[in-house]
Amino acid sequence: MEYISTRGTAPALGFRDALMAGLATDGGLYVPRKWPTLSKKQIRGLRGKSYQDIAFEILSLFVDGEIADDKLKAMIDEAYATFRHPAVVPLVQIGPNDFILELFHGTTLAFKDVAMQLLARLMDHVLAERGERATIVGATSGDTGGAAIDAFAGRERTDIFIFFPHGKVSPVQQRQMTSSTASNVHAVAVKGNFDDCQNLVKEMFNDAAFREKVKLSGVNSINWARIMAQVVYYFTAAVSLGGPDRKISFTVPTGNFGDIFAGYVAKKMGLPIDRLVIATNDNDILARTLKTGRYEMKGVTATTSPSMDIQISSNFERLLFEAYDRDDAAVRRSMDGLKQSGAFEIKDKALKSIKREFRAGRATEKQVAQTIRETLSATGYLLDPHTATGVFVAKKNAKPSSPMVTLSTAHPAKFPAAVKSACGIDPALPSWLSDLMQREERFDILEPELKAVETYIGSNARAK
Ligand SMILES: Cc1ncc(COP(=O)(O)O)c(C=O)c1O
Ligand SMILES: N[C@@H](CCOP(=O)(O)O)C(=O)O
């Protein structure tokens, strides 16, 4: 299996190199040269298997023998042993045809743990095999950072630097990032928003000398391995609801487009998915794009679902690549337009192909709060604001003939103020995090300037 860049001018890489590269050297994102597929019979064969076994069957198609099967199995088992639910990602029914896929039973209570626990182990394995060290960077609107810090803390071969927008993450998210005592962890508050943090990370990758000097690697969903790990739960959810002999729809609270792109990959691999619905909060650039064909940045609004307060939706580039029939020049033109003028137009044919695969909807702040309140009173189920965004949009896009699964991307206790103000309930953190808000914080504050950030990393990273 070879991985190619969406911008077409970086070298094609095997799995291990794509894993360690994060972003391609031409600024593009890696995707498999060809989507692996499973027949209906093979998908049926996943029924009744454990999450770990299904993960192995799906992931080994992408790893393609670059990591020995027994080692990959052991990493999968270890990664998902950190989850507090025996099903890893249980499905909960909240209506006759409405389901919630709970992705938040990992150590930091967000769906990011699913991929991050595995990613850290995969990277460690490759670094050990090569006798190397790496500097890991990540931008976060709140959840990726906590999950990455938890997964990489104390790992000998990596130093990890996480950049979060100063004052724009929830107090629980901030404390999860800033209370690590591990010496290889560096939490940095950037005076800006998530897009500034993400731009800094991408600029670091585009600085070839710096990239080489500190042996840079990334843990955002620009890294193909993040997406790959997230494909698995579309299969586990679908087969437990009768797939592939029945089509299942999914609604996904969306920001950086990684989670829903994983659903699109599952479909490409042969999983019969009916509707794939993008749910956005007031930062509705993706919903607007599908409606108008113009991807246009308009500034970020702070919402009660801060993890989705994003304008530059990185993985949309992977979708564009597919929609333009893998024409990397068309992707380069779009990305140049975005950089130069904050916008680009999608050509009719490509837009039509995107609209065939996706629907999109937005939930306003009022609708999010109302959905939390109404779902609680109708079903007794407590949603976090990101999941509530999904549930609201799912209702508008559900079809009576197919089950609708909304991905629950975070535990309500990560956003207690928003949940309390919506429905009066103050959700408690689970026991292993009950002292979180008393733990001491340790972080630095930086301007959103490449030089400042590179100097900071340069003086703290050990991979030189
Ligand atoms: C809780 C939560 N929900 C949804 C999202 C959106 O996921 P994605 O960026 O993969 O679209 C994020 C982060 O991005 C998140 O942290
Ligand atoms: N919502 C994310 C933003 C970064 O997304 P990623 O999936 O690309 O890492 C977060 O919580 O940090």
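Which of the 16 residues around ligand 1 come nearest? They are Asp 143, Asn 256, Gly 258, Ser 307 and Thr 409, where a residue is near a molecule if its C-beta atom, placed from the backbone, lies within 6 Å of it. The model is predicted, so that local features need pLDDT of at least 70 and side-chain atom pairs count only at pLDDT 80 or more, while totals for chains, interfaces and linings use all residues. Residues are numbered from 1 along each chain as its sequence is written, and chains are lettered from A and ligands numbered from 1 in the order in which they are written.

The predictor's confidence in each residue is its pLDDT, which runs from 0 to 100; the chain averages 97, and 100% of the residues score at least 70. For the complex, the predictor gives an ipTM of 0.99 and a pTM of 0.98.

To return to ligand 1, helix 11 (residues 258–268) gives the most to its shell, with 3 residues; helices here are DSSP runs of H or I with at least four residues, strands are runs of E with at least two, and both are numbered from the N terminus. By class, this shell has 6 nonpolar, 8 polar and 2 charged residues, where Ala, Val, Leu, Ile, Met, Phe, Trp, Tyr, Cys and Pro count as nonpolar, Asp, Glu, Lys and Arg as charged, and the others, Gly among them, as polar. Around ligand 2 there are 13 residues, of which Thr 140, Asp 143, Thr 144, Asn 220 and Ser 221 come nearest. The largest share of that shell, 3 residues, comes from helix 6 (residues 143–152), and by class the shell has no nonpolar, 12 polar and 1 charged residues.

We can turn next to the packing of the helices. Two packed helices are described by the angle between their axes and the distance between the axes. The axes are lines fitted to C-alpha atoms, for helices over the stretch in contact, and the angles run from 0 to 180 degrees between N-to-C directions. Helix 5 (residues 112–130) and helix 10 (residues 224–240) pack at an angle of about 130°, with their axes 9 Å apart. That angle makes helix 5 oblique to helix 10, since angles under 35 degrees count as roughly parallel, over 145 as roughly antiparallel, 65 to 115 as roughly perpendicular and the rest as oblique. Val 114, Ala 115, Leu 118, Leu 119 and Leu 122 of helix 5 make the contact with Ala 225, Arg 226, Ala 229, Gln 230 and Tyr 233 of helix 10, two residues being in contact if their C-beta atoms, placed from the backbone, lie within 7 Å. By class, this contact has 8 nonpolar, 1 polar and 1 charged residues.

Helix 13 (residues 316–323) packs with helix 15 (residues 348–357) at an angle of about 115°, with their axes 9 Å apart, and the two helices are therefore roughly perpendicular to each other. Leu 319, Leu 320 and Ala 323 in helix 13 meet Ala 350, Ser 353 and Ile 354 in helix 15, a contact with 5 nonpolar, 1 polar and no charged residues.

Two details of the backbone remain. Most residues other than glycine have a negative phi, and most peptide bonds are trans. Asp 64, in the loop between helix 3 (51–63) and helix 4 (69–81), has a positive phi near 55°. The peptide bond from Gly 243 to Pro 244 is cis, with omega near 5°, and Pro 244 is found in the loop between helix 10 and strand 9 (248–253).
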